[in-house]
Amino acid sequence: MSAPAEPGHGVPDQAHTDPPRDEGHEVQQHAEHGRHATAEQGAVHGAETAALTQRVDALRRALDEGGDRVAPEVAASVRRTLDSVAERLALGVDHTVVALVGGTGSGKSSLFNAVSGLEFADVGVRRPTTSDVTACVWGSDADDLLDWLGVARDRRIQRESALDAEDQAALRGLILLDLPDHDSIAPEHRATVDRLIPQTDLLAWVVDPQKYADDSLHSGYLQRLTGREAAMLVVLNQIDTVPPHVRVDLLTDVGRLLQADGLPGVPVREASARTGEGIPALREMLAKAVAARSYAATRTAAEVSAAAEELRGQVADREPPLGPSLVNPAVEALAVGAGLHSVAQAAGAATRDRGVRVPLLGDMHEDAVVRSRARWLDTVGSALPPLWSDAVRARVPSVARLRGEAQDALRGVDVTTRRPAAALTLVVAALVALVGAAALVTWGLVASQAPAWTWAAAGAAAVLAVVLWLVARGVRARAARRRYEAVVADGRAALTGVVRRGLLEPTAQVLAEHRAVREAVAEAAAG
Ligand SMILES: Nc1nc2c(ncn2[C@@H]2O[C@H](COP(=O)(O)OP(=O)(O)O)[C@@H](O)[C@H]2O)c(=O)[nH]1
Ligand SMILES: [Mg+2]
């Protein structure tokens, strides 16, 4: 679609930067969002490049942070976009490039001078020259962009200076190009035209009353530019050579040809570089184009948005919560696998009754670990795209390691029997009372004159012995319950530690990375 870059001009490979020909809707938007020029426009445009650069940086961060959790083909596609966008942004998208383009002698150079108010472009040059493109820049420095466009240093002029005060302010940010004749006999001139057409924000086709119907213009260019009509205008120059009563018919005819070209929406303006007629109106149109978002900015923003959208598909809308609803079932499954409850019950029973053997804590069924781990991964994974889910799986320990850690942790839990001292004291006291009762009964039977209270005292001692024994039993039962609860609580705490270190922490790490990517993508998407 365009000629290869000329060596020595520092023009990057066009494949990265040329818009496809059918970008009509973007160009349309660009025209619709136009706003009027203001004195602060320079600042607004500078901010545009800065904002886009920030979005590009955010996408790079997302790619770096996302690593292999971003599908390789998506990462490659986003990187390609970023590289081409970054190249364009390095030049800034704050300028509006307008090219005067047309056939030999139509008056491009004369209009260039009339619009700029400078006599810089060579008028009436018939012989093809090497000084292809002439540029006038309003306001800010555009050397890099002009290098990129391939405009020779000595063919550039700066329009706006302190002397101009504010009368040129509306055009600040404009780069006006006087292109070679598209119908030149020198093929390199046509090549230059072809190369620059895709790089311009607005194409001003300059035609004259004699040659406006030239086929080289209509079939050679205009008919191939359908879709770009919102970024085009036609200037019917040399209108001073046309008698007033013929002008309306002439304009109608130009309009008819454009309609036939498939460009019905392109505005046509009469002008005369010689008399100055129509020049203020032309400047006004250029001011509007400058005020409108530059084509490059629109295109770049659309590319960044598309890349952000591509990356958005690689992350979830939010991270799954890592709360008790996830941790508790994982701990419980391990507790069941270790037989925590039966061990705790045994510890309780041993506290109550002698002769009960407490099994060891620290043997874990592998199935339980498999289940606990799988449930964790499934729950977290179902809320994440597959590559992120894989990342969580890769980051948590294997079943064997998790099992080993759980067993080690459980072995540290104290399951020893602790018989309560109070219960022992009470039993001893009960025995003492019982012995006392027995002694009294014996004395009552042996001594014939034992007093009457002997029997009453023996009865009271026996009752006391029974009461003390019952209280001792209650104390032991309570101690047994406490022991059971303590072993369960200690076992759970040990397993919670294992789940935290083994499952929760690695998962949280991956989710933090996911969040970083998601937020960077959101930042890049907010255009
Ligand atoms: N009468 C008249 N002549 C013009 C006008 N604009 C340009 N010319 C003349 O047309 C010739 C070609 O002009 P030029 O600007 O070099 O055209 P270019 O080849 O398109 O750059 C020159 O002799 C100009 O003086 C105009 O508006 N009216
Ligand atoms: Mg010329």
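**Figure 1. Asn237 and the surroundings of ligand 1 in the predicted model.** An N or O atom in the side chain of Asn237 lies 3.1 Å from a nitrogen atom of ligand 1 (a polar contact is a pair of N or O atoms within 3.5 Å; within protein, one must be able to donate a hydrogen and the other to accept it, and residues adjacent in sequence count only if both atoms are side-chain atoms). This is a predicted model, in which local features need pLDDT of at least 70 and side-chain atom pairs count only at pLDDT 80 or more, whereas totals for chains, interfaces and linings use all residues. Residues are numbered from 1 along each chain as its sequence is written, chains are lettered from A and ligands numbered from 1 in the order in which they are written, and side-chain values use heavy atoms, with hydrogens and water left out.

**Figure 2. Oxygen contacts of ligand 1.** A polar side-chain atom of Lys108 is placed 2.8 Å from an oxygen atom of ligand 1. A polar backbone atom of Gly124 lies 2.6 Å from an oxygen atom of ligand 1. Around ligand 1 there are 17 residues, of which Lys108, Ser109, Ser110, Gly124 and Asp240 come nearest (near: one heavy atom of the residue within 4 Å).

**Figure 3. Packing of helix H14 against helix H16.** The axes of H14 (residues 366-381) and H16 (residues 399-411) are 9 Å apart, at an angle of about 110° (axes are lines fitted to C-alpha atoms, for helices over the stretch in contact, and angles run from 0 to 180 degrees between N-to-C directions; helices are DSSP runs of H or I with at least four residues, numbered from the N terminus). The two helices H14 and H16 are therefore roughly perpendicular (65 to 115 degrees; under 35 counts as roughly parallel and over 145 as roughly antiparallel, the rest being oblique). Glu366, Val369, Val370 and Arg373 of H14 meet Val399, Leu402 and Arg403 of H16 (contact: heavy atoms within 4.5 Å). The residues of this contact between H14 and H16 comprise four nonpolar, no polar and three charged (Ala, Val, Leu, Ile, Met, Phe, Trp, Tyr, Cys and Pro count as nonpolar, Asp, Glu, Lys and Arg as charged, and the others, Gly among them, as polar).

**Figure 4. Packing of H14 against helix H18.** H14 and H18 (residues 453-525) cross at roughly 20°, and their axes come within 12 Å. H14 is therefore roughly parallel to H18. From H14, Arg373, Trp376 and Val380 meet Val499, Leu503, Leu504 and Thr507 of H18. Five nonpolar residues, one polar and one charged make up the contact of H14 with H18.

**Figure 5. Packing of H14 against helix H15.** With axes 9 Å apart, H14 and H15 (residues 386-395) pack at an angle of about 150°. H14 is therefore roughly antiparallel to H15. Arg373, Leu377, Asp378, Val380 and Gly381 of H14 make the contact with Ser389, Val392 and Arg393 of H15.
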